[in-house]
Amino acid sequence: MENDPIRILGEQVLSDDYAPLKKISYEQRRRDGAWQHQEREVYANTGGAAVLLYDRTRRTVLLTRQFRIGAHLAGHDSFVIEVPAGMLDNANPEQRVRAELCEETGYRAKEVRKVLAFMPNPSSLTEIVHCFLGEYERSDKKEEGGGKEEEGEDIEVLEIDVDEAFRMVEDGRIVDAKTVILLQRLQQELA
């Protein structure tokens with residue numbers, strides 16, 4: 001398109017182990033009309049889905065804790081507290097979030113509702129995370145949970161008082177973006 005302010009000049013796949021890491025060469029038309037050449041590395045993954053379940057009667061949320069290499073390399077606690085989540089892998093977001101919920105926690109949600117979608121880092125990721133809220137009861141636990149060993153998962157399931165979870169965001173014990181966003185959304189809805 002002639003009016004398009006971006007011209008993709010080329011892309012090179014640098015790695016394709018987990019998700020394709022591409023080096024993208026492009027030109028961007030600046031506001032003054034001049035064209036500027038840029039190169040960026042971008043992870044091109046399929047996006048993901050995440051869910052926060054809340055027990056209204058007991059005022060608890062269902063979270064997980066698992067090892068994350070990025071947190072470890074950043075010098076943070078290596079075992080990150082998160083909401084259940086997973087990559088889409090050609091599934092629709094609600095299907096994926098239901099499957100991940102059961103794999104990771106053993107719970108089957110009666111209902112989940114999509115509340116938002118966000119891009120964690122649009123400068124270097126193509127990922128869009130679809131976020132869901134739902135409710136659960138103890139009787140909704142149908143399987144063991146803990147993740148898939150063949151995928152390297154060793155997931156601890158945590159049931160945390162909702163007010164304590166909100167404090168954990170405030171004091172930095174919960175730092176995962178999708179978890180922070182979903183807990184803040186739940187906090188708004190409960191207010």
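What share of contacts in the chain between residues at least 6 apart in sequence join residues at least 24 apart? I looked this up and found 57%. I took contact as heavy atoms within 4.5 Å.

**Ground rules.** I am reading a predicted model, where local features need pLDDT of at least 70, side-chain atom pairs count only at pLDDT 80 or more, and totals for chains, interfaces and linings use all residues. Residues are numbered from 1 along each chain as its sequence is written, and side-chain values use heavy atoms, with hydrogens and water left out.

**Whole chain.** I found four helices and 10 strands. These are DSSP runs, numbered from the N terminus: helices are H or I with at least four residues, strands are E with at least two. From the N terminus I read the order β-β-β-β-β-α-β-β-α-β-β-β-α-α. The C-alpha atoms fill a box of roughly 60 × 40 × 35 Å along the principal axes. Of the 191 residues, 40% are buried. Buried is under 20% relative accessible area, exposed is over 50%, and partly exposed lies in between (1.4 Å probe, protein chains only). The chain exposes about 11,400 Å², with 46% of it from carbon and sulfur atoms. Those areas come from the Shrake-Rupley method with a 1.4 Å probe; for residues, only the protein chains shown count as cover.

**The three-stranded sheet.** I next traced an open sheet in the order β1-β2-β3, paired antiparallel. β1 (6-15) and β3 (35-43) are the edge strands, each with a single partner, so one side of each has no neighbour in the sheet. The twist averages 20° from one strand to the next. I used axes fitted as lines to C-alpha atoms, with angles from 0 to 180 degrees between N-to-C directions. Pairing requires at least two DSSP bridges between two strands. β2 (residues 21-29) and β3 are joined by nine. Tyrosine 26 stands opposite glutamine 38 in β3.

**Helix α2.** I then went to residues 93-105, a helix of 13 residues. The helix reaches 18 Å from first C-alpha to last, close to the 18 Å expected. The expected span is 1.5 Å times one less than the number of residues. At the N-terminal end, asparagine 92 is the cap: a side-chain oxygen lies 3.0 Å from the backbone nitrogen of glutamate 94. Glycine 106 follows α2, with a positive phi near 85°.

Which residues of α2 are buried? I listed Pro93, Arg96, Val97, Glu100, Leu101, Cys102, Glu103, Glu104 and Thr105. Their cover includes β4 (48-55), β5 (60-67), β7 (85-87), β8 (112-118), β9 (129-135) and β10 (156-161).

Definitions and conventions. A polar contact is a pair of N or O atoms within 3.5 Å; within protein, one must be able to donate a hydrogen and the other to accept it, and residues adjacent in sequence count only if both atoms are side-chain atoms.
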